[in-house]
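Open the model in your viewer and keep the selection tool at hand. The stops below go from an annotated domain to the ligand.

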Amino acid sequence: MTHPGSSPLDERGTPRAELAQATRALQDEVRGTRIDGRRARELAGIVAEVARELRDSGADDEVGRLHMGPGPVNRGQTLSPVYNVDTWDGRRMQGTVTFARFHHGSVGTAHGGAIGLWADDVLGRLSRELSEGRARTACLHVQYRASVPVGAPVWFTAWADDADGRKRELHATLEDDGTALVTVDGLFVEPRIPLNGH
Ligand SMILES: CCCCCCCC(=O)SCCNC(=O)CCNC(=O)[C@H](O)C(C)(C)COP(=O)(O)OP(=O)(O)OC[C@H]1O[C@@H](n2cnc3c(N)ncnc32)[C@H](O)[C@@H]1OP(=O)(O)O
């Protein structure tokens, strides 16, 4: 049984993963910092220098798409909230997700778009664990039933119905103390014309 925790898409222990983690911390702190304007300008120069060095070191693909092959965790991306998979039985995945300060919407709650982003990511991962075929999100229906907190882990479950040809219906919930905060129904479809490695 493949465990998602051992997926090559995981972000564990690589230097690029550390870079992604440091960048997430930066994103969180930029959000709402009280730093004074003069120092903010100096730091902007330092960050620009880091960005320049990264750009000059080259990209791992020619068009700036996410690198989906074996490699750094969360594909080295820093946009989507980080989630941890605790259990996986080959069909159902459970774990926790923490929406960071960077994902803050209003009044201490997660941004609805960040929740949709996470849902697409976790269902996309589930889809990949279930089949080698590269399915794409055709439809994502997110129901926001209660506020999702920022900065605290929230329990999630993601599961799949039986595949119907190229179509996969996938679902997820976010829960707090047994109360559903968000429910998601997604349709992922393996394209008629297979994707070229992505
Ligand atoms: C670890 C990784 C995490 C990251 C995961 C991220 C996943 C993503 O975000 S993917 C990016 C976002 N999605 C996209 O860009 C997809 C864009 N759309 C497409 O490429 C195509 O429309 C695609 C692949 C969804 C379907 O195209 P195609 O293969 O031509 O489908 P087609 O043959 O017309 O339809 C197949 C079946 O799906 C159904 N279907 C297709 N699209 C939809 C839809 N939007 N809603 C409902 N049903 C649909 C059709 O009705 C048909 O059903 P049936 O077989 O019962 O008649």
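What follows is a list of selections and what each one shows.

This is a predicted model, in which local features need pLDDT of at least 70 and side-chain atom pairs count only at pLDDT 80 or more, while totals for chains, interfaces and linings use all residues. Residues are numbered from 1 along each chain as its sequence is written, and side-chain values use heavy atoms, with hydrogens and water left out.

Select residues 108–180, which UniProt lists in an unreviewed entry as "domain: Thioesterase"; such annotations may be inferred rather than shown by experiment. This stretch is 26% helix and 40% strand, with its end C-alpha atoms 18 Å apart. Helices (H or I, at least four residues) and strands (E, at least two) are DSSP runs, numbered from the N terminus.

Now show the polar contacts, pairs of N or O atoms within 3.5 Å:

- D120: a polar side-chain atom is 2.6 Å from a ligand oxygen atom.
- T137: a polar backbone atom is 3.0 Å from a ligand nitrogen atom.
- R192: a backbone N or O atom is 2.7 Å from a ligand oxygen atom.

The ligand taken alone exposes 1,200 Å², of which the protein buries 55% (Shrake-Rupley method, 1.4 Å probe).

Technical notes: A polar contact is a pair of N or O atoms within 3.5 Å; within protein, one must be able to donate a hydrogen and the other to accept it, and residues adjacent in sequence count only if both atoms are side-chain atoms.
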